[in-house]
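Read the sequence alongside the model below.

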Amino acid sequence: TSAQAQGASRFAFTPIPAQTDGTVHVPEGYDWKVLIRWGDPLFSDAEGYDITDGGPVEKSDRVFGENTDGMEAFSYRGHQLIAVNHEYPNRKINLPAAQEGKPASADDVRKLQNIQGVTVMEIAEGPDGWTVVKDSPFNRRIHHNTPMKIAGPAAGHDLMKTEADPTGTRSLGTLNNCGAGKTPWGTYLTCEENFNGYFGSSDETASYDPKVADGFKRYGIKAQSWNGYELFDPRFDTAKNPNEPHRAGWVVEIDPTDPESTPVKRTGLGRFKHENAAVELARDGRVVVYMGDDERGEYLYRYVSNGIYTPGGETEGLLDDGTLYVARFNDDSTGQWVPLTPETTGMEPAEILIFSRMAASKAGGTTMDRPEWVATSPVAAEAYCCLTNNKNRGVKPNAGGDDTSVNGPNPRQSNKYGQIVRWRPADDDHAADGFDWDLYVMAGNPTVHSDAYAGSDNVNAGNLFNSPDGMMIDSTGLVWIQTDGNDDNEGDFAGHGNNQMLVGDPVTGEIARFMTGPTGCEVTGLTWSADRRTMFVGIQHPGKNWPDGGTPRSAIIAIKRNDNEVLG
Ligand code: FEO
Ligand code: CA
Ligand code: CA
Ligand code: CA
């Protein structure tokens with residue numbers, strides 16, 4: 001291929017041009033096929049579930065959910081499982097009759113609650129490709145009413161208690177499941193992102209304890225919800241249940257191999273708009289989790305356990321007992337992880353976790369351009385974070401009043417294209433408190449701009465993209481980048497085309513376009529089959545009739561090489 005002919009490229013494919021049409025494109029020599037779409041039955045009792053008029057509430061918790069997002073594959077006793085998030089509803093599709101997309105009944109609310117959350121499903125490859133194993137004992141839907149445990153230092157705190165749960169240790173459901181992660185002990189981490197939008201108030205004049213009110217302000221909890229749950233489900237009405245929002249915004253651990261297991265909210269990992277959770281082991285075996293808070297001018301976090309992971313050993317407590325840190329990036333390409341402790345924040349331990357944003361502000365973290373996915377490399381001690389864009393950079397402070405002037409890793413005013421920051425921990429140890437950082441790529445458009453908005457040197461007319469978001473590093477160290485940005489293909493975004501997936505060489509910086517999604521979609525979620533011969537990619541909120549000409553349906557696709565070679 002032409003890329004290989006140049007000699008230096010590690011990419012096994014010819015990069016594809018930008019696209020603006022309504023389908024998926026992959027390079028020559030590769031093929032794609034839908035694995036599962038929103039509304040497809042996971043169990044035969046949901047056979048015939050008909051989404052054409054939005055779908056019935058009955059069995060809406062027995063089908064593949066809406067807006068597929070982060071996912072991870074697991075191998076267990078010869079079975080291949082995928083755990084995958086369903087981030088938010090597409091109300092015009094899911095409730096087509098609803099005025100302004102607001103639920104008109106308790107059934108409408110229940111349906112929205114059922115089609116979000118997480119799916120665990122078994123998959124198998126046959127002569128016609130990959131399919132979901134209907135009625136597999138591993139198949140499971142976790143949604144907005146699934147019982148959860150709350151664990152870690154904030155469990156049982158007064159701010160976590162509600163009338164329905166006076167212990168502050170049991171909650172229902174996981175909300176706005178965005179990115180994901182996987183632990184070395186084989187569990188799935190689902191990350192609660194924009195949980196704030198699920199809460200509303202039946203009383204706009206309701207007054208709250210000052211701590212609660214400060215939290216609502218910093219986390220964006222308002223009287224008006226997005227989905228109208230509070231109209232029919234008082235749990236989401238903050239006038240009646242002011243502490244319920246404190247029970248969302250966490251990372252939730254799920255055992256995909258045990259459909260009877262209770263998911264656990266791990267409060268040790270902090271509460272914010274969690275994008276994903278990239279798990280590494282320190283040199284001594286402590287567990288390290290990198291996490292972004294996807295909001296303009298918010299922070300990048302790290303958790304380090306006190307205990308050591310040993311294969312086959314006890315894992316309970318490894319995500320509960322540890323320290324949360326916020327990233328501070330210096331302009332000289334060094335940085336530190338600053339621990340969030342009573343000494344650095346003036347806050348008490350449980351409140352540092354419940355109000356991590358305030359703790360990070362007090363400890364002097366670096367405000368970031370919307371930290372989306374973090375990915376760590378299996379072949380080098382390094383990590384990457386997509387900073388997707390930030391129209392407020394240098395324009396106005398974040399919701400906590402923190403300064404958002406341009407800074408080292410966020411160097412562009414009103415950042416419209418995004419960038420990827422990379423750091424290498426001191427001593428190649430992810431538990432070290434110091435690191436060196438650089439910008440792996442600054443997205444841009446050199447066909448339109450000649451200043452910083454042209455982008456970095458590894459951006460050219462052949463690989464234009466904006467708003468990097470999803471990211472995974474494969475077994476060979478290549479960095480797969482998924483986008484969720486402007487796809488109108490005009491002006492500043494001319495030549496960017498539809499949202500897409502590219503792959504980057506971490507050493508040369510070379511970036512090549514591998515896949516384009518249908519118009520209107522974002523590309524999010526990536527994992528591989530156990531034999532690494534298939535990659536599974538998520539297509540979220542496609543705009544027009546994809547994939548089969550009818551109602552647009554978010555879906556996971558399977559991508560293979562025609563020669564069935566390994567692809568990552
Ligand atoms: Fe759900 Fe920040 O993406
Ligand atoms: Ca995302
Ligand atoms: Ca995004
Ligand atoms: Ca999204």
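**Helices, sheet and core**

The face of helix H4 turned away from its buried side carries the exposed residues Pro210 and Lys217. Helices (H or I, at least four residues) and strands (E, at least two) are DSSP runs, numbered from the N terminus. This is a predicted model, in which local features need pLDDT of at least 70 and side-chain atom pairs count only at pLDDT 80 or more, while totals for chains, interfaces and linings use all residues. Residues are numbered from 1 along each chain as its sequence is written, and chains are lettered from A and ligands numbered from 1 in the order in which they are written.

H4 spans residues 210-219, and Gly215, Arg218 and Tyr219 are buried in it. They cover an arc of only 85 degrees around the axis, which puts them on the same side of H4; the arc is that of the directions from the helix axis to the C-beta atoms. Helix H7 (356-363) is what the buried residues of H4 pack against. Just after H4 comes Gly220, with a positive phi of about 75 degrees.

Helix H3 (residues 106-114) is largely enclosed by the rest of the structure, because seven of its nine residues are buried. These are Asp108, Val109, Arg110, Lys111, Leu112, Gln113 and Asn114. Helix H2 (91-94) is included in what covers them.

Next, the sheet. Six strands form an open sheet in the order E8-E7-E12-E11-E10-E9, with mixed pairing. Its edge strands, E8 (170-172) and E9 (177-182), each pair on one side only. Two strands pair if DSSP finds at least two bridges between them. On average, neighbouring strands of this sheet are turned by 35 degrees against each other, direction ignored.

The chain has seven helices and 28 strands. Its radius of gyration, taken over C-alpha atoms, is 22 Å, close to the 24 Å that the globule rule gives for 568 residues, so the chain is as compact as a globular protein of that length. The globule rule is 2.2 Å times the number of residues to the power 0.38. Along the principal axes, the C-alpha atoms fill a box of roughly 65 × 60 × 50 Å. Of the 568 residues, 55% count as buried.

The largest nonpolar core has 135 residues, and Ala83, Val289 and Ala375 have the most contacts inside it. Such a core is a set of buried Ala, Val, Leu, Ile, Met, Phe, Trp, Tyr and Cys residues joined through C-beta atoms within 7 Å. Not counting residues up to four places away in sequence, Ala375 touches Ala278, Ala383, Tyr384, Met471, Met472, Ile473 and Val479. Two residues are in contact if their C-beta atoms, placed from the backbone, lie within 7 Å.

Asn545 lies in the loop between strand E27 (534-540) and strand E28 (555-561). Asn545 is partly exposed, with 15 other C-beta atoms within 10 Å. Leaving aside neighbours within four places in sequence, Asn545 is in contact with Gly22, Gly550 and Pro552.

Technical notes
Axes are lines fitted to C-alpha atoms, for helices over the stretch in contact, and angles run from 0 to 180 degrees between N-to-C directions. A residue is buried if 20 or more other C-beta atoms lie within 10 Å of its own, exposed if 12 or fewer, and partly exposed in between; C-beta atoms are placed from the backbone.
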